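I opened my notebook to go through one model with you. Here is what I looked up, entry by entry.

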Amino acid sequence: IPIGTVNGHTFVNNASCGFYPHVVLYRERIRPFLSKWPAAVIAAIIVFVRRPLLAVDVVAAGVQRRRKTAAVWIGIGRHSLRLPAPGDADQNGGVLEVVLPRPLDRPQLFSLAWRMWLKLRRGEKAVDPDLEFVRAPEIRLVAKHRIYVAMDGEVSRLVGSLRFEYKADALTVLSLVVPDDA
């Protein structure tokens, strides 16, 4: 199966910068006092109120886009922004997919998040006028500061220019085959 890498770190499904890594960090601070999901809800509210924005340049296929955004999603294959089932990404084309929300104010972000949640729950594609999609086999995010990146849910703080790469057939998955009569 394909993988993505960012500055030598590997991810199998997706990587994200901005909103989600901050939610994970706050959630883990709250976890000694609450279980995972209540801690996640409180963490999401804290991050939503603080609304940390990323000022990044997204460089893909020779085009540079300067953005100030609440989040950057990098998924493997097309239509990667979804509620996943293992191995269900559309991996055709050998690309990483970057998804950037356009709105910056809280009501617009909340509205976008709500619309996306409803679409994903219904199994629809995450397409919306307030989302910008960029696809390429290699993508760079350039920022003047360190960026928290969640790779498959694990957060790391990376420095400088982030180089994301698509690597086809980089991981072999072994599976136990159970006989039909078992």
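I am working with a predicted model, in which local features need pLDDT of at least 70 and side-chain atom pairs count only at pLDDT 80 or more, while totals for chains, interfaces and linings use all residues. Residues are numbered from 1 along each chain as its sequence is written, and side-chain values use heavy atoms, with hydrogens and water left out.

**Entry 1: Glu-132 and its partners**

I started with Glu-132, which counts as buried because its relative accessibility is 11%. Which residues does Glu-132 meet in a salt bridge? For a salt bridge I ask for a side-chain nitrogen of Lys or Arg within 4 Å of a carboxyl oxygen of Asp or Glu. One partner is Arg-65, with the closest N and O atoms 3.6 Å apart. That pair links distant parts of the chain, since Glu-132 sits in strand β8 (residues 131-136) and Arg-65 in strand β5 (residues 63-69), 67 residues apart. I took helices (H or I, at least four residues) and strands (E, at least two) as DSSP runs, numbered from the N terminus.

Arg-67 is another partner of Glu-132, at 2.9 Å from N to O. Arg-67 lies in β5 and Glu-132 in β8, so this pair ties together parts that are 65 residues apart in sequence. Arg-67 itself is partly exposed, at 28% relative accessible area.

**Entry 2: Glu-97 and the other bridges**

Next I checked Glu-97, which forms a salt bridge with Arg-135; their closest N and O atoms are 2.6 Å apart. Here strand β7 supplies Glu-97 and strand β8 supplies Arg-135, and the two are 38 residues apart. Is Glu-97 buried or exposed? Glu-97 is buried, with a relative accessible area of 0%. Arg-135 is partly exposed, at 32%. I also noted that Arg-27, Glu-28 and Arg-31 are joined into one network by salt bridges that share partners. My count by this rule comes to 11 salt bridges.

**Entry 3: the largest pocket**

How did I define a pocket? On a 1 Å grid over the protein atoms alone, a pocket is an open set of points where a 1.4 Å probe fits, with protein on both sides within 12 Å along at least five of seven lines; lining residues have an atom within 4 Å of a point. Grid points are joined across faces, edges and corners, and the volume is the space filled by probe spheres set on the points.

The largest pocket has a volume of about 1,700 Å³. I found 40 lining residues, of which Phe-19, Tyr-20, Val-23, Ala-113 and Trp-117 are the closest to the centre. At least two lining residues come from each of β3 (14-18), α1 (19-30), α2 (36-50), β6 (71-76), β7 (96-101) and α3 (106-121). Which element gives the most to the lining? That is α3, with 9 residues.

I sorted the lining by class, too: 30 residues are nonpolar, 4 polar and 6 charged. In that tally Ala, Val, Leu, Ile, Met, Phe, Trp, Tyr, Cys and Pro count as nonpolar, Asp, Glu, Lys and Arg as charged, and the others, Gly among them, as polar.

**Entry 4: loops**

I looked for positive phi in residues other than glycine. Asn-7 has phi near 45 degrees, lies in the loop between β1 and β2 (9-11), and is partly exposed at 34%. Ala-61 has phi near 50 degrees and is found in the loop between β4 (54-60) and β5. At 69% relative accessibility, Ala-61 counts as exposed.

Two glycines then gave me C-alpha distances to write down. Gly-123, in the loop between α3 and β8, is exposed at 63%. Gly-123 and Phe-33 are 90 residues apart in sequence and 34 Å apart in space, C-alpha to C-alpha. Gly-153 is in the loop between β10 (147-151) and β11 (154-158) and is partly exposed at 21%. Gly-153 and Val-24 are 129 residues apart in sequence, with 7.7 Å between their C-alpha atoms.

Conventions:
Buried < 20%, exposed > 50% of the residue type's maximum accessible area, 1.4 Å probe, protein only.
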